[in-house]
Amino acid sequence: MLQLIDVSKVYNGNVVLRGINFELESGFAGIYGPNGSGKSTMLKIIAGIEKPDCGRILFEGEDIAGKTPEEVARMGITIVYQIPRPFKNMSVIENVATPFILRVSYREAMESAMEICEFVGLKNKVNLKAGLLSQGELRLLEIGRALAAQPKLMLLDEPFSGLDVENAKRVRRILRKIKREGVDAIVTAHRMKLLRDIVDVSYEMRGGKIAEG
Amino acid sequence: MLRADRVRVELNGRMILKDVTCYLERREIMLIAGPNGSGKSTLLKCIMGLMESKGRVFLDNVEITHLKPSERFKMGITLAPERLRVAKNLTVEENVSISGDFQEALEIFPELGPLAKKKAGKLSGGERQMVVLARALISKPKYLLLDEPFQGLHKDLRVRVVNMIYNLSKKCGVVVVTHDELDEIFLMSDKTCILVGGEVLYFGDSEGAEQLMREMFM
Amino acid sequence: MISALLTAIFLSFFASAVILNYKIGRLLNLSFASIFTLGAYIYFSFNPTSALLLALIFGGIMGAIVSAATRKLSVAEATIISLGFSIAIEESLRFLYRTSYYQVMETNYVELFGEVVSIHEMLNGAMIVLLFLAFAAIPLSRRGFELKFVEDDWELAEMYGVDTSRIRFLTISISSSFICLSGAVLAPTQSLFPSMGWSSMVIAVIIAAIAALAGNAGLRKYGLTIPIAIAYTAVLRWLL
Amino acid sequence: MKKDFAIILALLLLPLLLRSSFIVSVATMAVVYSILSLSWFFMEKEAGWTSLVHSIPFGIAAYALAINPVLIIPAFLLSLLLFTALSLSGREKFVFTSFITAIVFWYFSHYITLSVNGGVVGGEEGFSFLSIGLWESYLLSSSMLLLFFTSFALIRKSGLGLKIEAVRDDEFAARSIGINAFKIRIVSFAISVFTATVAGVCYLLYFGHVSPEIFSVEIVLLPFVASLIAGNRWASPIIGSYIIVVVSRAFSGILPETHLLIYAAVLMLSPKLKRWWGASAY
């Protein structure tokens with residue numbers, strides 16, 4: 001369903017991605033590698049936030065390399081940022097309801113948002129301003145908001161970074177639930193260990209190159 | 001001794017640092033580890049005085065909490081900031097000579113020689129990191145705070161910087177913040193401070209942190 | 001032609017002050033409009049020599065107050081505060097001087113390159129050129145290097161031992177003092193009313209914006225204000 | 001929100017009970033400026049843009065109606081285009097690009113002239129139009145104020161409101177969940193500009209005359225000052241407008257420019273006031 005063909009990216013003279021070839025048919029794919037290896041850049045390029053310098057990105061047979069972030073999002077690809085970007089002056093439930101608004105009425109959106117809040121375990125904080133959440137709760141909120149966009153493919157950029165053991169476990173549980181629901185995802189992490197039990201296939205990224213491993 | 005005493009930072013109603021206390025002597029290396037967003041860089045900024053915070057900071061038993069960053073610099077604290085921070089429209093030479101003599105920087109990183117007249121904004125990541133490090137090193141600090149010093153560096157350069165940190169610790173205190181490639185720095189550090197979500201999870205001798213570090217990062 | 005050139009130099013001087021304040025003080029200093037007017041009013045309230053001195057002092061004091069009031073604020077907030085000061089000065093002038101002044105100086109005219117120019121205008125021009133050169137000399141001075149660093153990344157400069165708050169304070173005070181002086185110098189050739197400074201202010205901001213678009217490095221952007229100001233006055237003369 | 005509505009209703013009904021033409025004339029002025037301030041407040045609080053250029057949709061609308069009522073639509077579109085163009089400079093710079101634009105426009109507004117039957121009208125003098133009478137314009141503008149106030153309350157509890165707020169808080173995050181941020185920005189501008197346009201129409205229908213003074217710094221700053229002076233609720237811009245109009249009327253005999261001194265004070269204290277009212281700065 002997603003296919004990257006010879007994708008490269010250069011930032012002021014630094015080659016970040018060199019000829020990435022990557023394919024995901026279904027399920028969860030994990031990418032691990034050290035900082036600066038290009039994991040985040042690859043996800044950003046898929047999500048349309050960065051433009052690749054060359055190469056093609058096929059999603060369900062269509063080339064999405066030149067599309068804007070909102071077009072890509074509407075096709076069913078949603079990104080969860082490494083550093084959470086909540087709508088910080090809106091309440092938790094409004095944050096989650098916003099993606100639903102594009103499809104359904106206000107009331108239905110709020111109801112569905114409530115379900116999602118329950119799903120990610122933020123049910124008792126729905127009326128709190130998002131800016132007041134802790135780091136772990138913000139990550140859950142981000143995942144909830146991404147789910148609310150009803151994606152076919154989720155891009156999770158280091159979902160475990162910045163979390164203590166307890167919150168990391170919560171995120172892991174939620175990712176497993178998402179997997180059971182049949183959503184596909186690409187997940188990145190520092191170490192393979194973090195991903196081992198949730199991904200179907202894992203890749204290693206180093207110096208802008210990707211290899212199965 | 002450089003000591004941060006119950007440093008606390010609140011931003012828009014959210015706690016970024018919760019009563020962090022840590023200290024190091026001169027001729028020691030302290031590693032500050034922790035996941036992204038756990039407040040490591042914020043702690044360094046508080047020690048440097050770049051951020052408003054509650055709590056106190058002492059340098060050799062003198063309280064410096066109310067001093068400006070420029071005054072703290074003159075007392076011997078230098079910060080090499082993260083994200084390859086250079087003055088983009090200034091040349092490499094100008095960038096470095098804010099804190100000392102450019103010739104000394106050349107002794108540390110001869111690679112900067114041919115780049116002297118180039119705008120720092122046009123450098124690659126590794127070259128920028130060299131500028132950042134050179135600028136910090138030639139200021140002859142008593143305490144050096146390094147925020148992600150290995151960002152953008154290649155393998156061989158990384159080894160050089162690790163050795164440099166070790167040599168530096170013979171005469172000054174070094175604080176290193178990093179969340180990547182911990183092994184080499186961890187093994188030579190005297191103290192370790194692990195931050196998670198703005199709280200100190202562990203602070204003390206590095207030997208005692210080994211088990212925890214292996215669990216969390218390695 | 002020559003008087004147009006003098007206007008252009010005045011405008012580029014004003015624009016340079018705006019850029020300097022924006023880069024180092026991190027605010028669009030709208031209080032310049034009224035500080036300029038203040039200078040002109042001071043000229044009419046005292047004898048010429050002491051007026052020039054008083055303008056320098058008053059301008060400096062106003063600048064110091066503005067700088068103190070806008071410390072550690074975002075650009076937008078600081079700009080709005082400087083606008084508040086501008087209106088406060090303007091209204092105080094309106095309150096103190098119920099009438100407007102207009103004075104035509106009796107002066108001798110000389111012919112220069114086939115054009116009649118008043119001696120007074122020439123003198124004014126010379127003063128403004130001197131002020132402009134003084135401005136241009138700041139980046140070349142010993143402090144100039146630190147200034148350049150502050151312009152580019154003030155936080156970095158602060159952590160490497162540059163006292164940015166002092167530099168900011170001095171920059172805003174000195175430039176305000178110069179603007180006030182230029183108001184006093186130009187007063188005899190202008191009609192006076194409390195909002196007279198605004199037209200120069202607005203033109204200066206536009207020139208500064210164009211110059212800042214064109215170049216970001218050190219002295220060049222100040223130098224660039226001259227051709228832009230000349231082009232501006234030329235267009236204006238052609239239009240009207 | 002209900003409390004705000006009650007306050008406004010009380011403010012609007014009071015002059016009707018007192019039945020004094022003087023009070024109604026002051027109140028009408030306050031209501032017209034309230035609509036303007038409310039349009040500004042919508043853009044500041046809901047969409048996150050601090051504008052100092054609301055005098056333009058307000059003034060252009062009045063001018064357009066005075067010259068030829070058909071021109072209202074191009075006037076609205078022109079203002080919207082201007083807002084959009086200025087917003088390209090980014091949120092932080094919008095404050096001063098908009099201010100400078102407003103001032104430049106004020107200068108040029110003195111040259112808006114028309115030749116009618118061989119004579120030239122406009123310029124410094126401005127244009128005249130029919131006034132619909134005191135009581136009529138009071139009823140018209142207060143019903144407009146109520147209408148806009150309730151529709152803003154409804155918008156905030158709707159999908160559009162959520163989208164506008166999402167774009168305000170984090171444009172990038174909003175885009176990556178599929179919201180067309182630029183379109184939403186223009187929609188929020190259109191709402192604000194439309195409200196200001198209606199305010200301009202009410203202004204002209206009441207005074208029956210419009211001159212370049214409508215573009216002056218005073219009008220530029222009025223919504224900003226009015227919204228800051230009385231808190232950070234949705235009723236604040238309206239209460240603030242009442243305060244400014246009443247104060248400048250009360251002191252008009254002693255010191256005609258009193259309200260400008262208030263402006264200066266509010267501007268100088270603006271960050272303090274914002275913190276005091278607990279408004280977050282964008």
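Visitor: Is Arg26(C) buried, partly exposed or exposed?

Guide: Relative accessible area decides the class: buried means under 20%, exposed over 50%, and partly exposed in between, with a 1.4 Å probe and protein chains only. Arg26(C) is partly exposed, because its relative accessible area is 23%. Please note that this is a predicted model, in which local features need pLDDT of at least 70 and side-chain atom pairs count only at pLDDT 80 or more, while totals for chains, interfaces and linings use all residues. Residues are numbered from 1 along each chain as its sequence is written, chains are lettered from A and ligands numbered from 1 in the order in which they are written, and side-chain values use heavy atoms, with hydrogens and water left out.

Visitor: Where in chain C does Arg26(C) lie?

Guide: Helices (H or I, at least four residues) and strands (E, at least two) are DSSP runs, numbered from the N terminus. Arg26(C) belongs to the loop between helix H1 (2–25) and helix H2 (32–45) of chain C.

Visitor: What is said of the phi of Arg26(C)?

Guide: Most residues other than glycine have a negative phi. Arg26(C) is not a glycine, yet its phi is positive, about 55 degrees. Lys72(C), also not a glycine, has a positive phi of about 55 degrees. Lys72(C) sits in the loop between helix H3 (48–69) and helix H4 (75–96) of chain C, and it counts as exposed because its relative accessibility is 69%.

Visitor: How many helices and strands does chain C have?

Guide: Chain C has 10 helices and 4 strands. Read from the N terminus, their order is α-α-α-α-β-β-β-α-α-α-α-β-α-α. Of the 240 residues in chain C, 54% are buried.

Visitor: Which residues does Arg85(B) contact, beyond its neighbours within four places in sequence?

Guide: Contact means heavy atoms within 4.5 Å. With those neighbours left aside, Arg85(B) is in contact with Val132(B), Arg135(B), Asp153(C), Glu155(C) and Leu156(C). A polar contact is a pair of N or O atoms within 3.5 Å; within protein, one must be able to donate a hydrogen and the other to accept it, and residues adjacent in sequence count only if both atoms are side-chain atoms. The side chain of Arg85(B) makes a polar contact of 2.7 Å with that of Asp153(C), and another polar contact, of 2.9 Å, with the side chain of Glu155(C). Arg85(B) is placed in the loop between strand E6 (77–80) and helix H3 (92–97) of chain B, and it counts as partly exposed because its relative accessibility is 24%.

Visitor: Is Ser87(D) buried or exposed?

Guide: Ser87(D) counts as buried, because its relative accessibility is 2%. This residue lies in helix H4 (residues 72–87) of chain D. A polar atom of the Ser87(D) side chain is 2.8 Å from the backbone oxygen of Thr84(D). Apart from residues up to four places away in sequence, Ser87(D) touches Trp49(D), Phe94(D), Arg185(D) and Phe189(D).

Visitor: Which chains share the most contacts?

Guide: Among the 4 pairs of chains in contact, chains A and D share the most. By contrast, chain A and chain C do not touch, and their nearest C-alpha atoms are 19 Å apart.

Visitor: What area is buried between chain D and chain A?

Guide: The size of an interface is often given as the accessible area lost when the parts come together. Buried area is the accessible area (1.4 Å probe) that two parts lose on being put together, summed over both. Between chain D and chain A about 2,100 Å² is buried, and carbon and sulfur atoms give 62% of that area. Chain D brings 22 residues to the contact and chain A brings 23 residues.

Visitor: How many salt bridges are there between chain D and chain A?

Guide: A salt bridge is a side-chain nitrogen of Lys or Arg within 4 Å of a carboxyl oxygen of Asp or Glu. Chain D and chain A have 2 salt bridges between them. One of these joins the side chains of Glu70(A) and Arg175(D), at 2.7 Å from N to O.
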